[in-house]
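User: I want to go through the labels attached to this model and see what stands behind each. Please set each value against its cut-off.

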Amino acid sequence: MTSVLSAGDLLAGSGLVHDVEVPAQLVDGGGVVRIRALTLAVLAAISKAARDDTGLVPVLTIKEAVVEPPLSFDQIRQLRVGLVRFLLDEINAISGLDGGADAEAAARSTLGASHLLLAKHFGWTPAQVGELTPGQVAVYLAGVRQLVEYDRATS
């Protein structure tokens, strides 16, 4: 029979640090960084801090998750985009946020594609797009279509 987990059991994983091998093509010679999983409190703080500037999300995520080597905000901003993407993918996987095949299927769905289009076009965060009502989504999508048609006509 499976035992019921305690609160301590559930919280135990939040303090773990994971060694992640960074490929040589991203960092000369490759090497290891130490990363910890994001907690709900950290995600909430990142979301709140980046509310007006979504470009802060990757910087804050790396700042909070990369334990070793410690990186300053300026150092994180100077990282190559490929390395940033790699680190974010690893942080998301360790934190249980990678989504896997379910996330890819959702992104390909009509609703997922609509949300991605609105986020890209207007620079909105997923949370901002998620707060839209279906009617608002339809209105904004119609507006994007009109803008695309106008751009084609004037080009």
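Analyst: A helix is a DSSP run of H or I with at least four residues, and helices are numbered from the N terminus. Ala93 has its place in one of these, helix H5. The model is predicted.

User: How many helices and strands does the protein chain have, and what pattern do they follow?

Analyst: There are nine helices and three strands in the protein chain. In sequence order the pattern reads α-β-β-α-α-β-α-α-α-α-α-α.

User: Why is Ala93 called partly exposed?

Analyst: Buried requires under 20% relative accessible area and exposed requires over 50%, with partly exposed in between. Ala93 has a relative accessible area of 38%, so the label is partly exposed. In space, the C-alpha atom of Ala93 is 8.6 Å from that of Ala37, although 56 residues separate the two in sequence.

User: Helix H5 also holds Val84. What makes Val84 count as buried?

Analyst: The relative accessible area of Val84 is 15%, which is under the 20% cut-off, so Val84 is buried. Leaving out residues up to four places away in sequence, Val84 touches Pro58, Ile62 and Leu79. A touch of this kind needs heavy atoms within 4.5 Å.

User: Which residues of helix H3 are buried, and what covers them?

Analyst: Helix H3 spans residues 56-65, and its buried residues are Val59, Leu60, Thr61, Ile62 and Ala65. Their cover includes strands S2 (31-36) and S3 (66-68), together with helices H2 (40-49), H4 (73-77) and H5 (81-95). Over the 155 residues of the protein chain, 23% count as buried.

User: What makes the peptide bond between Glu68 and Pro69 cis?

Analyst: Omega is about 5 degrees for the bond joining Glu68 and Pro69, and that bond is cis. Most peptide bonds are trans. Pro69 sits in the loop between S3 and H4.

User: Which residues lie nearest the centre of the second largest pocket, and how many line it?

Analyst: The lining has 14 residues, and those nearest the centre are Val27, Val33, Pro69, Leu71 and Leu83. The space in this pocket is about 170 Å³. S2, H4 and H5 each contribute at least two lining residues, and S2 gives the largest share, three residues.

User: How do the residues of that lining divide into nonpolar, polar and charged?

Analyst: Eleven are nonpolar, three are polar and none is charged. Val, Leu and Pro are among the types counted as nonpolar, so Val27, Val33, Pro69, Leu71 and Leu83 carry that label.

Note on methods:
Residues are numbered from 1 along each chain as its sequence is written. This is a predicted model: local features need pLDDT of at least 70, side-chain atom pairs count only at pLDDT 80 or more; totals for chains, interfaces and linings use all residues. Side-chain values use heavy atoms; hydrogens and water are left out. Buried means under 20% relative accessible area, exposed over 50%, partly exposed in between (1.4 Å probe, protein chains only). On a 1 Å grid over the protein atoms alone, a cavity is a set of points where a 1.4 Å probe fits but cannot get out, and a pocket is an open set with protein on both sides within 12 Å along at least five of seven lines; lining residues have an atom within 4 Å of a point. Grid points are joined across faces, edges and corners, and a volume is the space filled by probe spheres set on the points.
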